[in-house]
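Take a look at the model first, and then read on.

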Amino acid sequence: MVRQWVERRGHWSGWLRVSPLHLDRSRFAQDIALTLRQGGPLDDALVHVAVEAEHLSTEDLVLRMATAVRGAGRPVLLVLDDLHLLRYRTSLDLVVQLAQQLPAGSRVVAMADQRPPWHVGRLVAQGGYLEIGLGDLAFSRAEAAGFLRATGLHLPADAVDELVHRTEGWPLGLLLVAGALKEAPDPAAAVRTVEGSSEYLADYFRDEVLGGLTDEMIRFLMYTAVLDATSGSLCDAALGTTGSATRLLQARALGLFLSPQDDRGEWFRYHRLFREMLRAELQRHEPGAEPRILRGAAQWYEDHGRPVEAIEYAIAGGEALTAVRLISANTQYLNSRGQISRVRRWFEKVDDETFARYPPSAVMATWAWALTGDAPRARRALRLAESGAFEGPLPDGSVSLESAVLRARAALAPDGVERMLTDAEHAAALEPPGSRWHTQAALLLGAAHLVNGHTADAGRWFEQAARFGREDQRPGALTALAEHALLAAEHGDWAMAEACLRDSVELREAGNLQGHMPALTSYLAAARVALHRADTQLAIHHLQSALSLYESPSPAAFPWLAVQAAGTLGQLLLELGDALGAERKIAEARRHLVLLSPAGALAGWVDGLAAAVDTALAQSMVEKASMLTTAELRVLRLLPSHLSLAQIADGLFVSRNTVKSQVAAIYTKLGAETRSDAVSRAEEDGLLRRWPEAQSARPDVHAP
């Protein structure tokens, strides 16, 4: 690759392969001088430098070589191959000083298997130094695709993407993998089996990379490959040793597929394939070492205030109790930043026995399942929490397990809305203003008052929940504000509704909660306010966002919220003219009501909405039906049946031609082309229903 670059540049160039003989600075200087002379039109000045090298200082050698090159009037390109063989500072200083003294346009290219321990600070400051490592040489997707085609391997785009991901674009790795894939029956499918532990890659790493290393260094590499990222302090703790920072720098200097992850030279990451090979070697030689290292890493991350990494390592290391303790302490923080799905993934790796042994985790699992739409698992976790015992405050800041369970019960309302109110009142008393969980407790108490028909009390508690909400309580605060906005809208206080909505949106965006359950009521309130402003397009936009969250993750675990959301969606759809869509949402609200017994004010609210929808549909049917004659309506009601047109005619005591004419008229008026199409359109328009007499006015309906 370097040789191709040199040939394309067309410079006067010289190429010197470094050998152990060049540990002698004088010999090294002689060969550089002679290499430069052979590469271009120079006089005997460089020959004299070579002859006298042994008696000249480094400064004089550099000055005389640079002067000779300037005399030629052309820049020079000097390539030094295998520079890693130089171990003495004097020879390396010669290279650095020569690079500084050569005429403008000249280049010194050094190739090495490890980073030379030279001092290039001045060159870096002057913009005269460029270091190209393994990552810089990585192929892009397009380059990798072209390279693979050149080897005779033609892969679909998704397979190329996957291969670049697995090899990190490493050119030699791609070459080794390509050779193996060409032997596979299905190369594209075989891409997903490519790992550093594969024989053709592992052999290369063992022979070419690990071959010259000490046993101590190889063990260090295998142990630290267990870690996603490495630092001296982390490795010392995880391995129970000292001196890891020095070993990491040595590994970096040796070019051992270790990439820096910061500007301070503290954190590193192994190349994916190299790491996979090392971990496979560790499993083969010391199968019990990995869990011990993972547990040590978990402790280090916990001690350094990095709970996410600590949890990941604790789970991987089989420390389930440590993991759930940390998850329980940090769920509120993560949920406030839109990361409840991550919490759920952690809990999916925990069994019921662990939840029973550490009941606070069962409470948090209840919330994780509920907020991600898994109602059955949320209810099961709540039962585990209710049956547990725990002394003293919880790691999440709850004053007691009783308080945490009461809040979860109030949210899931397993015993109906009246018990929901009792649980919420008790929870609010246990978590007064100033506690970490007062916002959630106040929100749930406001919701409990709302669904029991106490709207004034609901408004006060929603206001209190919002007032005491802090950064790590965004979900509760934004939901309380949105509920307050909906309540104000129902009472015609649009100024209050808009003010609450504005604050709710700010919290939603600050916590990146747009796609999460707490945003559902915020979108519903936004749609209501937009409709009040007669901004139909904006209302539809917010309605679609609310519908998306209603479908997934779904508020089904919170039946009172599911009823409220379905009913409000139906109300909005009705106001937008979609009576059939509204009817479907009201039917869904009724299904959620079944889980609430008693259902409080919710049942009456849903009945009122249903009556409004029935009225709208009946009026729509009358309008649509007026398009058809009485005879056409009689025929239309028989079209969904299995009867042929001739049988319909016989049943109506008219001729077949008359029925055919009436059917043709029905198709035209409904915009249908087939019988099934006509039936479908008639059902959508309500023409196949039997309605009571349409009411002239829609009843006034208020949200609970």
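Ser554 is buried, as its relative accessible area is 16% (buried means under 20%, exposed over 50% and partly exposed in between, with a 1.4 Å probe and protein chains only). This is a predicted model, in which local features need pLDDT of at least 70 and side-chain atom pairs count only at pLDDT 80 or more, while totals for chains, interfaces and linings use all residues. Residues are numbered from 1 along each chain as its sequence is written, and side-chain values use heavy atoms, leaving out hydrogens and water.

Ser554 is not a glycine, yet its phi is positive, at about 80°. Its place is the loop between H30 and H31, where helices are DSSP runs of H or I with at least four residues, numbered from the N terminus. Pro553 is found in that loop between helix H30 (536-551) and H31 too, and the peptide bond from Ser552 to Pro553 is cis, with omega near 15°. Another cis bond joins Ser597 and Pro598, with omega about 0°; Pro598 sits in the loop between helix H32 (579-593) and helix H33 (601-625).

Phe653 also has a positive phi, about 60°, without being a glycine. Phe653 counts as exposed because its relative accessibility is 77%, and its loop runs between helix H35 (645-652) and helix H36 (656-670). For context, most residues other than glycine have a negative phi, and most peptide bonds are trans.

## Enclosed space

How many cavities of 30 Å³ or more are there? The count comes to three, a cavity being a set of points, on a 1 Å grid over the protein atoms alone, where a 1.4 Å probe fits but cannot get out. The largest cavity has a volume of about 420 Å³, that is, the space filled by probe spheres set on the grid points, which are joined across faces, edges and corners.

Its lining holds 26 residues, and the closest to the centre are Trp367, Leu371, Gln440, Pro475 and Gly476 (lining residues have an atom within 4 Å of a point). Among the elements that give two or more residues to this lining are helix H18 (320-335), helix H21 (359-371) and helix H25 (438-451). H25 gives the most, with four residues. By class, the lining of the largest cavity has 15 nonpolar, ten polar and one charged residues, where Ala, Val, Leu, Ile, Met, Phe, Trp, Tyr, Cys and Pro count as nonpolar, Asp, Glu, Lys and Arg as charged, and the others, Gly among them, as polar.

Key
On a 1 Å grid over the protein atoms alone, a cavity is a set of points where a 1.4 Å probe fits but cannot get out, and a pocket is an open set with protein on both sides within 12 Å along at least five of seven lines; lining residues have an atom within 4 Å of a point.
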